[in-house]
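Please keep the sequence and the model at hand while reading.

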Amino acid sequence: MNNKIVIKAQRESNLLDSLKSYMENESIEYIITDTISKIDKDITAIIYLNENDINNISLNVKVPVILISNERKLVKDTKSVVNYIITDLIIDNNSYTSVQKEYLFSKGIYHSFLKVIEELLNNIDVYNGIIYDITEIKKKPDDWIFKFDSINETYKWLAKKNITMKKNFTQKVVSFYSDKVYNDSLNEINYLSEKLLNIKKKQHIIDMFVLTKEEFEEYKTNYFYKTLLNNISNTYNIYFVDKNAFMANDLDIYNRLVDGIIVYEDCVYQDTYSDEISLGFVDCKEETIKKYNEYFDYVLEKYGQKISIGGVIDGI
């Protein structure tokens, strides 16, 4: 049976955003409302967020109810199936970036909350009156770093970031030579397509390729790289960085950038080619974003050689 959920909420909140994310990821039809006057026949569950007066809510119906609050509120004398979640996420007013929310919803405390929601919506064990108290679960992660479960998931995330970048933001990319990535694979081509759309839309992007001169000549035969070279413009720039000179003079920074990084507005993606499961990980910390912007600008100014259309650099 297809689920159709009513979520009754009085205001926007991080908790409501987590429920929206869950419903959309699971392809569950849902309605958000601040008033319930009637319950349609196709509704399969009702979720109440922080209902103040529980005695006035419509509970004497056949539709299962999940009541979420930050304190113990129990409904008596009802014919409905009512289960409870107690969580102070109800009053979480922190401002998170989109990537931090993504982390919290998929890995952090909100993920724990959504697992309970999933269990209660399915209700395989026919719970009625069960109370989940998750107020003591740790709220914020220590490192704000999340990894991917597969290479496909990594590419999917990167493609999504390409689509959602803000117009006035400059994306900074550092790439190193790797047969694992630049191999004309379907994933690579799909990712390139999203990147090219951004280039065509005049999104500001700087690509920095850290290569030996031999690797540079090899790259010029790769479809991915050739396509980028042919789309250089006043908003899309490519720079060559001599790997040997970089390593000889700034090995510490070199090691921090290898195997490649992408600096976004709200996070830093870092490649890890030694990981056979995924291509990399994401760090959402503000200090990381600041640090890698500084690394990028330093390397670009000291070692960057601008490439013109077709891959021409003086002296190479």
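Which residues of helix 2 (residues 98–106) are buried? They are V99, Q100, K101, Y103, L104 and F105, where buried means under 20% relative accessible area, exposed over 50% and partly exposed in between (1.4 Å probe, protein chains only). The model is predicted: local features need pLDDT of at least 70 and side-chain atom pairs count only at pLDDT 80 or more, while totals for chains, interfaces and linings use all residues. Residues are numbered from 1 along each chain as its sequence is written, and side-chain values use heavy atoms, with hydrogens and water left out.

- Helices (H or I, at least four residues) and strands (E, at least two) are DSSP runs, numbered from the N terminus.

**The largest pocket**

- The largest pocket has a volume of about 1200 Å³.
- A pocket is an open set of points on a 1 Å grid over the protein atoms alone, where a 1.4 Å probe fits, with protein on both sides within 12 Å along at least five of seven lines.
- Grid points are joined across faces, edges and corners, and a volume is the space filled by probe spheres set on the points.
- Its lining has 31 residues, a lining residue having an atom within 4 Å of a point.
- S21, N25, E102, S106 and K160 lie nearest the centre of the largest pocket.
- At least two lining residues come from each of helix 1, helix 2, helix 3 and helix 4.
- By class the lining holds 10 nonpolar, six polar and 15 charged residues. Ala, Val, Leu, Ile, Met, Phe, Trp, Tyr, Cys and Pro count as nonpolar, Asp, Glu, Lys and Arg as charged, and the others, Gly among them, as polar.

**The second largest pocket**

- The second largest pocket holds about 170 Å³ of space.
- It is lined by 14 residues, with P64, L120, L121, N122 and N123 closest to its centre.
- Strand 4 (65–69) and helix 3 are the elements that give two or more residues to this lining; helix 3 has the largest share, at three residues.
- Nine lining residues of the second largest pocket are nonpolar and five are polar, with no charged residues.

- Seven of the eight residues of strand 9 are buried.
- Strand 9 runs parallel to strand 8 (residues 170–176), joined by seven bridges; strands pair if DSSP finds at least two bridges between them.
- S175 stands opposite F209 in strand 9.
- Strand 9 also pairs with strand 10 in the parallel sense, over seven bridges, and the bridge partner of L211 in strand 10 is D242.
- D207 lies in strand 9 (residues 204–211) and counts as buried because its relative accessibility is 0%.
- The side chain of D207 makes polar contacts with those of K195 (2.7 Å) and Y236 (2.5 Å). A polar contact is a pair of N or O atoms within 3.5 Å; within protein, one must be able to donate a hydrogen and the other to accept it, and residues adjacent in sequence count only if both atoms are side-chain atoms.
- Leaving out residues up to four places away in sequence, D207 touches V173, K195, L228, Y236, N237, I238 and Y239.

Conventions. Contact = heavy atoms within 4.5 Å.
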